[in-house]
Every structure is written in C-alpha cells, then in structure tokens.
Amino acid sequence: GKLQYRGWGDIVLMKRELKPKKKCFLIAAGTGITPLLSVALASVYAQDGMDIKLVFSNKTKHDILCLDDINAL
C-alpha cells in the first residue's frame, strides 16, 4: 500500500507524488511479486509507454507465482 501507480508515469510513493517517470525498475522476491506485477500489468494494459524492468527471485522454479502472467508480459 506504499506505492500507487496511476498510469502514464504518475507514481505516488508513501503519499508523496513523484515526478512523472518514463522508466521503472521493479525488484521482488517470492510473494512480493504480486503488487509489482499489478504495476507492470497496469502499464502494459494501458499501453502508457512506461519502460518497465521486472527482476524477481524464488527458491525454486516451482515457487514462481503468476508465471503465466509474467511470461505474457
């Protein structure tokens, strides 16, 4: 709940509006992928032109959550 992506590079972090962004680098591990995946999916579906890089890790390949959604990105 500390990060809100409003689309088109508009990001609010801890209730503070940031300058509009064109690039976003997301890092997650385990179940932490779910909120960051939501940000990435919102940008892709809106076709807002945000350049997003998503790096995530898990203990094993079988532990990856939302694998189909990640591959679709």
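How many cavities of 30 Å³ or more does a search of the whole structure find? In this predicted model, the search finds 1. The largest cavity has a volume of about 30 Å³. Its lining is made up of A29, G30, I33, F56, S57, N58, I64, L65 and I70. Sorted by class, 6 of the lining residues are nonpolar and 3 are polar, with no charged residues.

I33 leads from the cavity to the packing around it. This residue lines the largest cavity, and I33 also touches A28, L54, F56, L65 and I70, leaving aside residues up to four places away in sequence. Among these contacts, F56, L65 and I70 are also named in the cavity lining.

I33 belongs as well to the largest nonpolar core, which has 13 residues. The residues with the most contacts inside this core are Y5, L26, I33, L37 and M50. Two or more core residues come from each of the elements β4 (23–29) and α1 (33–46). The element that gives the most is α1, with 6 residues.

The cysteines are the remaining topic. The structure holds 0 disulfides. C24 is in none, and the nearest cysteine sulfur to that of C24 belongs to C66, 17 Å away. A disulfide requires the two sulfur atoms to be within 2.5 Å, so the sulfur of C66, 17 Å from the closest cysteine sulfur in C24, is too far for a bond. Are C24 and C66 buried or partly exposed? C24 counts as buried because its relative accessibility is 17%, under the 20% limit. C66 counts as partly exposed because its relative accessibility is 33%.

Conventions. Residues numbered from 1 in each chain as written. Predicted model: local features only at pLDDT ≥ 70, side-chain atom pairs only at ≥ 80, totals over all residues. Heavy atoms only, no water. Buried < 20%, exposed > 50% of the residue type's maximum accessible area, 1.4 Å probe, protein only. Core = buried A, V, L, I, M, F, W, Y, C linked by side-chain atoms within 4.5 Å. Helix = DSSP H or I, 4+ residues; strand = E, 2+ residues; numbered from the N terminus. Contact = heavy atoms within 4.5 Å. 1 Å grid on protein atoms, 1.4 Å probe; cavity = no way out; pocket = protein on both sides within 12 Å on 5 of 7 lines; lining within 4 Å. Points joined across faces, edges and corners; volume = space filled by probe spheres on them. Nonpolar A, V, L, I, M, F, W, Y, C, P; charged D, E, K, R; others polar.
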